[in-house]
Amino acid sequence: MTTESPTNHAVPTGSKAAAAIEKARGEGRPALICYLPAGFPDAQTTIDAAVAMADNGADIIELGIPYSDPVMDGHVIQAATVQALAGGFKVAQIFDIVRGITERCDAAVLVMTYWNPVLRHGVDEFSRKLAEAGGAGLITPDLIPDEASEWFAASDEHGLDRVFLVAPSSTPKRLTEAVSASRGFVYCVSIMGVTGARTSVATTAEGVVAAAHAAGAGRACVGLGVSNRSHIEEIGSYADGVIVGTALVAALRDGGVEAVAELTAHLSGRKDQPA
Amino acid sequence: MSDSAHVPAGDDPVRAFLNDNSSLRDAPGPYFGEFGGRWMPESLIAALDELTETFETAKNDPGFVEEVRELNRTYSGRPSLLTEAKRFSQHAGGARVFLKREDLNHTGSHKINNVLGQALLAKRMGKTRIIAETGAGQHGVASATAAALLGLECVVYMGAADTRRQALNVARMRLLGAEVIPVEAGSQTLKDAINEALRDWVANVDSTHYLLGTAAGAHPFPALVRYFHQVIGDEAREQILEETGRLPDAVCACIGGGSNAIGIFHGFLDDRGVELYGFEAGGDGVDTPRHAATITLGRPGVLHGAKSYLMQDEDGQTIESHSISAGLDYPGVGPEHSYLHSIGRVSYEPITDAEAMEAFELLCRTEGIIPAIESSHALAGAMKVGRRKVEAGAVPDEVVIIANLSGRGDKDVGTAAEWFNYLDAEGQGE
């Protein structure tokens, strides 16, 4: 299976995430990747909110699997995932939620998960079920390529994208490894820290993207701390896609699906300001 | 829902190592058999690499080795004593029980061995700030101590529930100049304190060393923390040979994350005739959901950076552990222990709260030593092992057992007073 190409924006065979990003590029804009935790506050709301995001300009939906020990997440997402788990969320529901979304919209659906739930489920079985549900692949915040041999095999077998992270602290050698291991895009962590809305985009973000591109990434997307349209315009000038999480989770928490739709329309530039 | 119906692994241990002369000492990581590794966010990998390099260089630097030895001798009070517990031995079937007295170290437990070593490494890396997690407060107090000694800023993360239960240790850390941050997330206990410390580390990695308190977590922590605790086993082996002219039949230690245990076991790993026992916190009993018997009832998984045995549900969510001993109240265990279990070199068994508290009281009354409740699990285990050997026909006073008395019990007097009903209705002493 083809991995990220150093020279062009060709879409690896079957890569839903790459196809979504290239479609946006064709329209002269960065791809918009919108995150919500699955099961917050319940499975049906997750599906409705994700479809609303797609209808208002999201190119890729990133669905988080609630996990007991989310070390890369800040308070807003922690609180949402704690609520989802308290509400009885089970990992097996992720497949129905992905199916519920892909049946109703064209957005690519990636699942963001800490590794232990996948390991416990069985890496190959989890991958097979995700592919059957129409999922695009996985974003893995606590899995580095060094430990991912089982995931390489399963993602190749089931045609799934694998999105690894690179950070401001990544050495050139590790950047190259993460880029060649990734398929779909490379997730550039904008700042040394955890998820959470920030007032400005970290100055480190542009350097990470440049390094990822230099290491051969055809698609480099920026996440952490991105919360409004001006952040997206700024990042869109150098990156291939922009990932928004905490701001959308807060919108869902405070204003339900309608607020998510409105914020997404603002983020995608279809509407000026959220009410 | 727990996995407690799952048949404990290790009923039929692989004994191949007994015929294998290859050494089990000094296992370098990152892998211990199928366990260990670095299941960590990419953001922290550079820091783990830097720590690995610094550690490898330091341990081959005679100057560093001497610096650690001097602090151990002149500050911690090493070597710690080996005390024969003659009256206590009557409760172990008459077997001779020797106590490795880590309770006599400065700050009252084995924890000081690791914090001094890691704080020195932090300085070698040019870090000015250390962060640490703590459950009962022992590792937090030790970290605050090392930071004060070496002039480092210190922040300790502690579950909010634990700060309320261990208010005195919070005051102790503050006296030593550390900032204590109560963690409100999750179950508000040790594992959540580790999560929060990791979040701090990601954000402040340039200035900050994460001084992990146990032989668990991502590489190089398991091998590094073991290295600083190996002195326990090395001393104990020399001392028992001196006292009895022979190696012991068994060495017993308690296991939470497993740092005191790996420290004492290491001295005897290659003495194939010495049986090694790790005693996990059985809480209310391993037939109940309230325990911390990770190896006995858990399954392999990844948490806090390592693949190891883990208390987890069918979805891979971490299950909250329970033990009367805050120091053992952790749903994971160091990866080298998982490996030593998988090859059958160490036997891991649960000890209930009630068994530990019985041993706690016995040691107080037979030897005049108040042990930590953590260490009381090792004492209860030594009693079982001694009785078993004598029942199997061994001559009692020819059986030699070392139990690692990993810490003193002053911090546990409140818990013990409550357990034994030494307090009246107003919570006052009689």
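Helices (H or I, at least four residues) and strands (E, at least two) are DSSP runs, numbered here from the N terminus. The model is predicted, so local features need pLDDT of at least 70 and side-chain atom pairs count only at pLDDT 80 or more, while totals for chains, interfaces and linings use all residues. Residues are numbered from 1 along each chain as its sequence is written, chains are lettered from A and ligands numbered from 1 in the order in which they are written, and side-chain values use heavy atoms, with hydrogens and water left out.

Chain A contains 11 helices and nine strands. Its radius of gyration, 17 Å, is close to the 19 Å that the globule rule gives for 275 residues, so chain A is as compact as a globular protein of that length. The radius of gyration is taken over C-alpha atoms, and the globule rule is 2.2 Å times the number of residues to the power 0.38. The C-alpha trace of chain A spans about 45 × 40 × 30 Å along its principal axes. Of the 275 residues in chain A, 62% are buried; buried means under 20% relative accessible area, exposed over 50%, and partly exposed in between (1.4 Å probe, protein chains only). Among contacts in chain A with a separation of 6 or more, 71% are between residues 24 or more positions apart, where contact means heavy atoms within 4.5 Å.

Accessible areas come from the Shrake-Rupley method with a 1.4 Å probe; for residues, only the protein chains shown count as cover. Chain A carries 20 positive and 32 negative side chains, with the centres of the two sets 1 Å apart. Lys and Arg count as positive and Asp and Glu as negative, whereas His and the chain ends are not counted. The place of a charge is taken as NZ of Lys, CZ of Arg, CG of Asp or CD of Glu.

Chain B has 15 helices and 14 strands. The radius of gyration of chain B is 20 Å, close to the 22 Å given by the globule rule for 430 residues, so chain B is as compact as a globular protein of that length. Its C-alpha trace spans about 60 × 60 × 50 Å along the principal axes. Buried residues make up 63% of the 430 residues of chain B. Of the contacts in chain B between residues at least 6 apart in sequence, 75% join residues at least 24 apart. The accessible surface of chain B is about 15400 Å², with 49% belonging to carbon and sulfur atoms. The side chains of chain B include 38 positive and 61 negative ones, and the centres of these two sets lie 3 Å apart.

Two strands pair if DSSP finds at least two bridges between them. Five bridges link β11(B) to β12 (residues 305–310) of chain B in the antiparallel sense, and R299(B) has L310(B) in β12(B) as its bridge partner. Parallel pairing occurs between β9 (residues 250–255) and β10 of chain B, which are joined by six bridges. The bridge partner of A253(B) in β10(B) is G278(B). Eight of the nine residues of β10 (residues 275–283) of chain B are buried, so this strand is largely enclosed by the rest of the structure.

The loop between β4 (96–101) and α4 (111–124) of chain B holds G108(B). G108(B) is buried, with a relative accessible area of 0%. Not counting residues up to four places away in sequence, G108(B) touches E102(B), D103(B), S406(B), G407(B) and R408(B). The C-alpha atoms of G108(B) and S76(B) are separated by 9.3 Å, and these residues are 32 apart along the chain. T107(B), in the loop between β4 and α4 of chain B, has a positive phi of about 75 degrees although it is not a glycine. T107(B) is buried, with a relative accessible area of 15%.

Most residues other than glycine have a negative phi, and most peptide bonds are trans. D26(B), in the segment before β1 of chain B, is not a glycine but has a positive phi of about 55 degrees. D26(B) is partly exposed, with a relative accessible area of 45%. The peptide bond from G29(B) to P30(B) is cis, with omega near -5 degrees, and P30(B) is found in the segment before β1 of chain B. In chain A, the peptide bond from F40(A) to P41(A) is cis, with omega near -5 degrees; P41(A) lies in the loop between β1 (31–37) and α2 (43–55) of chain A.
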